[in-house]
Every structure is written in C-alpha cells, then in structure tokens.
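Trainee: I would like to go through this model residue by residue and then strand by strand. Please show it first.

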Amino acid sequence: MVRGVTLRDAWSGEADCINCSLRTSVLFAGLTETDFAEIHDPIDQFNLKPGTSLYRTGDAADHMFTVRSGVMKLVQYLPDGSQRIVRIARTADVLGLEAMIEGGGYQHDAVALQPTEVCRFPARLVRDLGCSKPELQRELLSRWQRALSEADAWLTELSTGSARQRIARLLLRLVRDRESSACQLFSREDMGAMLGITTETASRTIAEFKRKSLLVETSPNRFLLDIPNLNRIAQE
C-alpha cells in the first residue's frame, strides 16, 4: 500500500487566486476582486506526488479542492478489499462537493494519479459566499450537474461492453475537448479498477492497441491516439 503524505507535509504556500491562470474556469470564476478582498480564510496550494491521498472515505468534509494541474482518482473499496475508481478529476475540476452538506464525510478516497497541484479552501467559505453571491450558487449547481453527468458516463460507457470497447472509450474520454490526441496512460492496475476488468486484461488490450498502432508512443508512457479507429471500436 502506498503511504499517504499528509497535507501539512505537502503544503507549498498560499494560493494567489486573483492572478490564477485558471480563474476563469474554476469555482470562483464569477467573483470580483472586491469579493476576494472579503475572503479571510486561507486558500492553500499543494503539490501532490502520485499515490498521495488528499482525503479518505469518511474523513470530515471540511474542505473543497480545485485541481490546478494533474489527475486525481476517486476510489471506493469493495467488501473483498479490491478498489473501484468511480471517476477521475482533472484541471479545473472541483473535489469534495459533498462538503456543502454540513456534518458529512467524504464519500471516496481522493488519490493523485500523476504529479498534481490542488488548491484547498474551507467549505464554510463557499457556504457563506453562496448566501450573498448568486453567481457562486449557480456555479455550484453546475459543478454538481457535471459531477453527476460524469458519474453517469462512467456507469454507462466505461462499465459496459467488452474490454476493448471500455478501454477505447476511456482513451477517447482522456482527450475529449482537447486540440491534440496526445495522452498519458495510467497504470494497468488503475485502468482495470476504472473499467471493472482485470489488470491482465487491461495489459493485454493495451498491448494489442499498440501493435495495431491505435496507440503510438511518443515518449515514455505518452501516446498519440488513432481517434477514428478507436471510435469505431468504442461503437462496435
């Protein structure tokens, strides 16, 4: 088991929200400079190594998080001890939305899949701002809807069909809305946990896709995708 790094150990400094390059796409996008002047709670910025736990299932949901860069996985553990990755979070995604319900706990383990940078802010801050900033309430509702849609997609697209179809659909999702077909793959174990297939099946299928040039490796673990043919497999 990978040892988690505490948030205190990972802390790298207070975030500069006003000058953030992601400000137009994150939760606080609708706030003005005057609004930021009213924020007195610290918004902290962290760098997480792969395998670092940001929070665990059942931890008190006191904070929310924005992914600045990298990829996080949200994990649930089955009774037999195996894990299932229920979705991934990438740049500008918000984690810990369940913190908006006071007194609750996080519903998943959140673990870095790649070197990841996140910002942490108190849920109380969002609840207080939401009472006076309707634009923040609208953005929260939008984030809830996006998370629900993503969860539905994982159930319908990535948990049904053959292993070849599931992996093709996952690869296509990794480059969706991007200008390039380049992507970085996860470990075969993580891919299996995302798709409900064995590690061996994930490894065998990826090897097949490489042989058929559906994946072309450009540098270690970085690939260009043959999107037309992956779409064909995904829709079989």
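Trainee: Leaving aside neighbours within four places in sequence, which residues is Gln83 in contact with?
Mentor: The model is predicted, so local features need pLDDT of at least 70 and side-chain atom pairs count only at pLDDT 80 or more, while totals for chains, interfaces and linings use all residues. Residues are numbered from 1 along each chain as its sequence is written, and side-chain values use heavy atoms, with hydrogens and water left out. Contact means heavy atoms within 4.5 Å. With that cut-off, and with neighbours within four places set aside, the partners of Gln83 are Lys73, Val75, Gln76, Tyr77, Glu189, Asp190 and Ala193.

Trainee: How many residues apart in sequence are Gln83 and Asp190, and what is their C-alpha distance?
Mentor: Gln83 belongs to strand 6; strands (E, at least two residues) and helices (H or I, at least four) are DSSP runs numbered from the N terminus. Asp190 is among the contacts of Gln83. The two are 107 residues apart in sequence, and from C-alpha to C-alpha the distance is 9.0 Å.

Trainee: Is Thr199 buried, partly exposed or exposed?
Mentor: Thr199 lies in helix 7 and, beyond four places in sequence, has contacts with Arg188 and Glu189. Buried means under 20% relative accessible area, exposed over 50%, and partly exposed in between, with a 1.4 Å probe and protein chains only. The relative accessible area of Thr199 is 32%, so Thr199 is partly exposed.

Trainee: Which side chain of opposite charge is nearest to Glu98, and how far away is it?
Mentor: Glu98 sits in the loop between strand 7 (94-95) and strand 8 (109-112). Lys and Arg count as positive and Asp and Glu as negative, with His and the chain ends not counted; a salt bridge is a side-chain nitrogen of Lys or Arg within 4 Å of a carboxyl oxygen of Asp or Glu. Glu98 is buried and has no salt bridge, and the nearest side chain of opposite charge, at 6.2 Å, is Arg87.

Trainee: How many residues of strand 9 are buried?
Mentor: Strand 9 covers residues 116-122. Thr116, Val118, Arg120 and Pro122 point one way, Glu117, Cys119 and Phe121 the other way, and all are buried. The count for strand 9 is therefore, by the under 20% limit, seven of seven.

Trainee: Which residue of strand 9 is the bridge partner of Thr66?
Mentor: Two strands pair if DSSP finds at least two bridges between them. Strand 2 (residues 44-48) pairs with strand 9 in the antiparallel sense over five bridges, and strand 4 (residues 63-69) runs antiparallel to strand 9 with six bridges. Asp44 has Arg120 as its bridge partner, whereas the partner of Thr66 is Cys119.
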